[in-house]
Amino acid sequence: MSTTRWAAFGMAALLGLYLIVVLGYALRLISDPLPIVQAMGWALVVFPLLGFWALVVELRFGFRAAALARRLEAEGALPDDVLPARVSGRVEREAADAVFARYAAEVQEHPESWQHWFRLALAYDASRDRRRARWAMREAIRLERLPSAAEA
């Protein structure tokens, strides 16, 4: 298992522990006789539920993206672009932007291909556009889950 995956599990475990502690504290507040304290307790119940929902959504996204990466690797379709990097390890933006243009054009040609969307997400990530990288990865996951994708 990769270091990144262990880190994600560790952070998820810490968040889960935090949510349990907050929920326990909220339940103690709810049992207090003062109405304002009870209201604060009920408000604190909402936050762990939202936190748990966000945790589940993010873990599910990560697992699905990792599964798609394994499928592309098994198909030999992962991008093999070697981009120049700085001493810090970050990819040089100009090189990433040049590769991005190629993958964006491929998505234009094949908008229903989850493989192309996955590679576009990687290109967005290399260009340090995390918001669009996540959007493109969600699109790849959505397309892969469509019944027509399994038949093609």
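This is a predicted model: local features need pLDDT of at least 70, side-chain atom pairs count only at pLDDT 80 or more; totals for chains, interfaces and linings use all residues.
Q: How are H4 and H5 oriented relative to each other?
A: Helix H4 covers residues 114-126 and helix H5 covers residues 130-145. Angles over 145 degrees count as roughly antiparallel. That makes the orientation of H4 to H5 roughly antiparallel.

Q: What is the handedness of the crossing where H4 passes H5?
A: Two packed helices are described by the angle between their axes and the distance between the axes. The crossing of H4 past H5 is left-handed.

Q: How many nonpolar, polar and charged residues does the contact of H4 with H5 have?
A: On the H4 side, the residues meeting H5 include Trp 114, Trp 117, Phe 118 and Asp 125. On the H5 side, they include Arg 130, Arg 132, Met 137, Glu 139 and Leu 143. By class, the contact of H4 with H5 has 12 nonpolar, no polar and 5 charged residues.

Q: How many of the 13 residues of H4 are buried?
A: Buried means under 20% relative accessible area. Among the buried residues of H4 are His 116, Arg 119 and Tyr 124. The cover over the buried residues includes helix H2 (35-75), helix H3 (93-109) and H5. H4 is largely enclosed by the rest of the structure, because the number of its residues that are buried is 10 of the 13.

Q: Which helices do the buried residues of H2 pack against?
A: The buried residues of H2 include Val 37, Gly 41, Pro 48, Phe 61 and Leu 72. They pack against H1, H4 and H5.

Q: How do the residues of the contact of H1 with H2 divide?
A: Helix H1 (residues 3-30) packs with H2 at about 165°, with the axes 8 Å apart. The two helices are therefore roughly antiparallel, and their crossing is left-handed. The residues of the contact of H1 with H2 divide into 22 nonpolar, 3 polar and 2 charged.

Q: Which residue with a positive phi follows H2?
A: H2 has 41 residues and reaches 61 Å from its first C-alpha to its last, close to the expected 60 Å. The residue after H2 has a positive phi, near 70°, and is Gly 76.

Notes. Residues are numbered from 1 along each chain as its sequence is written. Side-chain values use heavy atoms; hydrogens and water are left out. Axes are lines fitted to C-alpha atoms, for helices over the stretch in contact, and angles run from 0 to 180 degrees between N-to-C directions. Helices (H or I, at least four residues) and strands (E, at least two) are DSSP runs, numbered from the N terminus. Angles under 35 degrees count as roughly parallel, over 145 as roughly antiparallel, 65 to 115 as roughly perpendicular and the rest as oblique. A crossing is left-handed if the near helix is turned anticlockwise from the far one by less than a right angle, and right-handed if clockwise. Contact means heavy atoms within 4.5 Å. Ala, Val, Leu, Ile, Met, Phe, Trp, Tyr, Cys and Pro count as nonpolar, Asp, Glu, Lys and Arg as charged, and the others, Gly among them, as polar. Buried means under 20% relative accessible area, exposed over 50%, partly exposed in between (1.4 Å probe, protein chains only). The expected span of a helix is 1.5 Å times one less than its number of residues.
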